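Let's take a walk through this structure together.

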Amino acid sequence: MTIKAILFGSIGTLLETSDIQRNSFNEAFKISGLDWFWDEDEYRKLLQKSGGTTRIQDFAKKSQVEIDGRKIRNLKTQIFNEYLNKHKSEPREGVVEIIEYSKKNKIKLGFASSTTSNNINSVFNSLKGRVNKKDFDFIGNNELVLREKPHSDIYEYALNYLKVDEKDCLAIEDTEESLKSAMGANIKCVAFPGKYHTQDKFRGSFALVDKLSTDLFN
């Protein structure tokens, strides 16, 4: 398989953040005076709908509690970023191998994320020394597009920025919602499920893997 660009699509494709996210939500609830606690089973169910604010508001409605979902979501994001900036993390299995393969074979490398630049900076700070911003020819964020994932806007932006055709690209995504974003831009996408998405089907993906490998290109 000959490709000109590899596009990591979400922070979860570089670093397993599932439990960091869940613990950050729980800490935000505690600080906000809520007796909520999302265990692994509850969180897995909630992830079927995208958007942290939406999850909080839906859970509040179910619990018959009046809250400011956006305020709690912002607090959760602050806790999440503070954790990542204080702790070094290991990249997910195969990530470094793919980056090194890209450099060696002069394949452009992109990070087609539509999350905030603060989240992105925190992830790279946590991965410093193993995965660096300078490894990437393009790094996206939510300020570059009008519509975030599962819309395909960020992938279309990345293709234009890198000056490559969709047929010459391979994306890597960790959730079904984000897979839809890559497929919407007609880019072949490898499904690399995060911890709470291993039971998902990822229909339409180019491949479904539990670790990344250069075997994908053979």
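Tyr157 is partly exposed, with a relative accessible area of 34% (buried means under 20%, exposed over 50%, partly exposed in between, using a 1.4 Å probe and protein chains only). You'll find Tyr157 in helix α8, residues 153-162 (helices are DSSP runs of H or I with at least four residues, strands are runs of E with at least two, numbered from the N terminus).

A quick word on the source: this is a predicted model, where local features need pLDDT of at least 70, side-chain atom pairs count only at pLDDT 80 or more, and totals for chains, interfaces and linings use all residues. Residues are numbered from 1 along each chain as its sequence is written, and side-chain values use heavy atoms, leaving out hydrogens and water.

Now for the charged pairs. There are 12 salt bridges (a side-chain nitrogen of Lys or Arg within 4 Å of a carboxyl oxygen of Asp or Glu). In one of them, Asp168 meets Lys4 at 3.9 Å, N to O. Asp168 sits in the loop between α8 and β4 and Lys4 in the segment before β1, so this pair ties together parts 164 residues apart in sequence. Asp168 is buried, at 13% relative accessible area.

Next, look at Lys103, partly exposed at 45% relative accessibility. Lys103 forms a salt bridge with Glu100, with the closest N and O atoms 3.9 Å apart. The side chain of Lys103 also meets Asp135 in a salt bridge, at 2.8 Å, N to O.
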